[in-house]
Amino acid sequence: MFTRGTLIFIGQRVVLIVFTVLAVSSIVFLGIHRLPGDALFNEHLHGEQYALLLHHYNLDKPLLTQYWDFIVALVTRGDLGESLVNRGVKITPLVLRELGISVELGGFALIFTIGLGLLFGVVASVRQNTWVDYVLSTTSVIGYSMPNFVIATFLILVFGKWLEGVTGGTFYYQLGAWKGDLGQLWLPAFALGFPYASIVARLTRASMLEVVRQDYIRTARAKGLRETVIVVRHALRNALIPVITILGPLAIGIITGSVVIENLFGIPGLGKEFAQSILNRDYFIVIGVFTMYAAMVGLANLVVDLAYVVIDPRIRY
Amino acid sequence: MAVTVRVDAVSEPVQASLWSDAWRRLRRNRLALAAAIYLILLVGVAIVAIFYTPYRMSATGIAPDYATPSLAHWLGADNLGRDQLSRLMIGAQISLIVGVGTQLLVLAVGVPIGLLAGYYRGWLDQVVTFVINVFYGVPDLLVALILVFLLGPSLANIIIAIVVTRWMDMARLVRGQTLALREREFIEAGRASGAKPMKMLFGHIMPNALGPIIVQATFGVPSAILFEAFLSFLGAGVQQPTPSWGSMAKDGVDAIQFAPHMVIAPAIVLSLTLMAFNFLGDGLRDALDPRSRR
Amino acid sequence: MAPNSFRLLKVLCVGGAASLVLGACGGGGTSPNTGGLAADQTLKFPILDDYATLDPAVADAETDQEIGQNLFDGLVKFDNSLNVVPDIAASMPTVSSDGLTYTFTLRKDVTFWNGDKVTSKDVLYSWNRAAAMSGAYGTSYGGNLSPIVGYSTASGNKVVGAKLETLLEAKDATVTMSGLTAPDDYTVIAKLKSPAGWWLSAIALTDSTGMVVDMNAVKQDFDNWWSNPATAVGTGPFKMTSRITKQSQDYAAVSNWWGSPKPTLTKVHIDVLQSAASAITAYEQGSYDLYGYGGWSQAAGVADIKRIQATGNEKAQLLLQPKVRTTWVTFSMVSDASRTGGGPFTLAGGQTAHDLRMAFALAVDKKKLAEVVCGNILCTAATGGLITKGLTGYLGDGADPLAAYDPVKAKALLKSADPTGSKTANLTYAYDPETPIFKDSAVFLQDQWQTNLGVKVNLIAVSHHAFILARLAGKYAISRDGWQADYNHPQDWFSGLYGSALGCPDSGCTSGYSTPAFDALLAKANAEPLDAALADYKALSQMLITDVVYIPLFYSVGAFLIKPYVSGAGSNNFVDYNWADIQIHTH
């Protein structure tokens, strides 16, 4: 499946991703370079003390020198620097840990997105122009019209307040219980994934309808294969291709959405860190989080390209 | 949301019948019609709110804090004892201004860029395409969030932040349309007869791409409203005491255990509005572009 | 999402005159439980943001100090009633008759938890280190050591990190306070430049520059020794056993700890949760024994507290404790080339400006503000002057005429001072929105001025740090202001806020207010012993009132939740009661 050309392609993409990540961190770094001093300021600091503090954090050096130090540390050691607020805290391990939490949440959200999306899309296309189709199609529009925080809010209301007797009350993120207690994962993951499930459902439905008219499906039918086999093995496989094209934007959507969802459910992932570090003016963390996001988006796009190869044998790089 | 409009769907030079056909098809789409009626009502409410709200939306303590809905306050009061209904009405203004305002700016930015890139191709097109792809590779909301924090939260800055992060949808669409249209006979003919490029672009190409542009702009409105709600929800919204549905929802979430009515009303109105724009957009696309019909 | 603003609120405890604060400390503490002690003596509570540092030389945030007070000790400390009492010192120091020489005798049984004995050398090392770091690290409270002879030399040091450690070990003159000596292992002598009656209180500050640290531990990682359980060595009843940044922290009682009371708790587990609401929910669901410890008592939402008050079995677990912050509205009293905020309120505006300030003050219903903005729970109306109720210098309930609400008089004053409305057109009130209570009071104030004066004031929300900078630079005609007491002495308020000694009008001053009379009286009061100075400080309060420098809004209140089976937990105005006081009973 992976020819030499594919491997070269992967190599090129990895190089491109690395460059994109560097570019994004550079832009964010340069964009907010004057601001880190803010994080250090408080009501008790005056004049010279403040200048000395800037010096301590190397924030008084020329911008290009700071930038060069930053890039060298990032490239040679993967070092994103130290927090300005929580002294001595290394950013790289911090954001990597938080990335793990966010990936877990995003992964579950993707299960909802793709699982529900494909299911709805396939069912709607198989039952085209029946009430099932209309109900599912309308649900899709409703789904992607509901902001994820609205979905989350209603879930909290229903499961946290109105069904308090059953569920034991509002959900909060409990450290250590994360992997063991799926109950805390389903709600945020559903709220995060459902809007995009609606988009996947619409796309799947449309491309399924196109695929079932193709000759090879007719041939399969003529051979007397069972309908389920035709739908799953032949039609769905090809109908997946357009779905895969939106996985890139989807990944961005889930990353973006996780900022809101993590804040709502109090999940200490990257999104929570992002919002908090902006408020704290802890700009090196902002840069670190952004770098992680850029890497995630690049990886998602790479996975999308590779998925083409797996799904559609005709595509070669 | 990216709307894919297939290039082969671009129609012949504009004919009157196209628009009347579209109108006929739109009228038959009951969901789209209902959505349009809802939106007209919403615009009505926003206009009425300029002159009249049941209470002054910034008046604090006119009801007990967190008061539940009653005859005097149909939607109850918020954490500062302000009338929720009045604030929801003003919030409609904010949402519509953000939604429509950003799309007008997106049109002003995206259409010319798309036209020029598609028409001249070459290095210009390559640069534009590259920039568009870079913007697509960045988490837009997060960039907007940083922008708003840097510029300071205000209605204008929110609109700017949204336009900066969302202009490329329109540019990409118009570029695609232009690329396809410039190969068509009537454009070729115009070019051969020495028409000025500006006249070709805005006099011939743009009118023929108008259908997809309208559809794209219609879908752009709810995405901008959603964006504003997100920003407000994360605390980067319009200046107090001006309410936005997003910031009202945020205040409501803070009190969700104690006063759930505070979050329910803005959440429902926000969702309904986004839904209405999406249904209307679907309807418009089906009407203006029959071949892409499901 | 307001942790950073709380981070910067410094709650420090240089209480001194304890009898004066006793009245306000009465609310703290829970009634002892009759049940026996539980087998598991692990205390669990949530905080809302990680501490910034525990290094006593650097720490200045509330959470740093609330946690650090259980890990580090100084020669003297505050007890729960804010009396200064001996800690590592065997008794209170002897002070020479001229007030310049303090002689401390140390206890001989004090050890760090790693077994290192505490001697006078450790005190010298710790204090010289804190002084030498105060400039180069820009610390907030290095100045607590400033009365010692030679402080200015040490604080002028600019060397940091391992190099500074080398200098300290070599007792280099540039990093050593010459006034600090140790004739033997258990005697420390401090010579002061001039008498400073407040100095003992200053070095008793929780987790601050007067604390003793272990050179053998510090030198292993000069900047971050406190973040690693192996090197976070102190003399306190507890030690850190693990820490996951921004996630959780664990502490264990030090076995055979030298001090008393011996801790009953064996372990303390702290989780960093992401919001007050989820922390309170977690408490209610039984995950935690306390809420509000670690500096987060003022972060609870009004809605949550109201809900708890309406819940029968939880109501009794709520402890509302007055804290030490006053919030007011400040007028820009000077507008010049460097203070560009302008506005109609300046001293140069004479009687007209005075009447305008008075009109804006009288138009605000402070009682309703406390009710609307914090449900009369998380704040109380500030009716007794700038200095928070319960602290030395408080004028008495209802004693501040600026706290009155008189819309009729306000309107009349406005009419005569600004008949056309041109002076008060396009006014903008600036505030920092990260703290919900500041945001809500801005909205309330705007409504009050609109309703009672007919003046439309715009609001501008500026993020906390930028706001502080711009306000000090005089960029706002009218803005939110406030002060959280560092220590219980009126000098902390007046010297930190007004007068030319501070730098007013052009630097370090929010209002720009200074008058020759104010400056002279403040200098006189600061030089006097507290008993004599009190009348002068009250006269200073009256000057601020006469000149209508501020509009008083509210005094802060902290909300704690304590399970019925926990005893000994609570708080005074300044800090939580030590973990060593807490016991968990069977439940």
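Helices α3(B) and α11(B) are roughly parallel to each other, a label that covers angles under 35 degrees, while over 145 counts as roughly antiparallel, 65 to 115 as roughly perpendicular and the rest as oblique. Their axes come within 11 Å and cross at roughly 30°, where an axis is a line fitted to C-alpha atoms, for helices over the stretch in contact, and angles run from 0 to 180 degrees between N-to-C directions. The crossing of α3(B) and α11(B) is right-handed; that is the word used if the near helix is turned clockwise from the far one by less than a right angle, and left-handed is used if it is turned anticlockwise.

Before I go on, please keep in mind that this is a predicted model, in which local features need pLDDT of at least 70 and side-chain atom pairs count only at pLDDT 80 or more, whereas totals for chains, interfaces and linings use all residues. Residues are numbered from 1 along each chain as its sequence is written, and chains are lettered from A and ligands numbered from 1 in the order in which they are written.

Staying with this pair, Q84(B), L88(B), G91(B) and S95(B) of α3(B) meet M262(B), A265(B), P266(B), V269(B) and T273(B) of α11(B), and two residues are in contact if their C-beta atoms, placed from the backbone, lie within 7 Å. The residues of this contact divide into five nonpolar, four polar and no charged, with Ala, Val, Leu, Ile, Met, Phe, Trp, Tyr, Cys and Pro counted as nonpolar, Asp, Glu, Lys and Arg as charged, and the others, Gly among them, as polar.

At what angle does α3(B) cross α9(B)? The axes of α3(B), residues 84-120, and α9(B), residues 210-233, cross at roughly 130° and come within 8 Å, which makes α3(B) oblique to α9(B). Here α3(B) passes α9(B) in a right-handed crossing, and the residues of the contact divide into 11 nonpolar, five polar and one charged.

The largest nonpolar core has 357 residues, and V286(A), L145(B), A359(C) and L378(C) have the most contacts inside it. Such a core is a set of buried Ala, Val, Leu, Ile, Met, Phe, Trp, Tyr and Cys residues joined through C-beta atoms within 7 Å, and a residue is buried if 20 or more other C-beta atoms lie within 10 Å of its own, exposed if 12 or fewer, and partly exposed in between, with C-beta atoms placed from the backbone. Helix α11 of chain B, residues 261-288, gives this core its largest share, 16 residues.

Finally, chain A has 14 helices and zero strands, these being DSSP runs numbered from the N terminus, H or I of at least four residues for helices and E of at least two for strands. Of its 317 residues, 45% count as buried.
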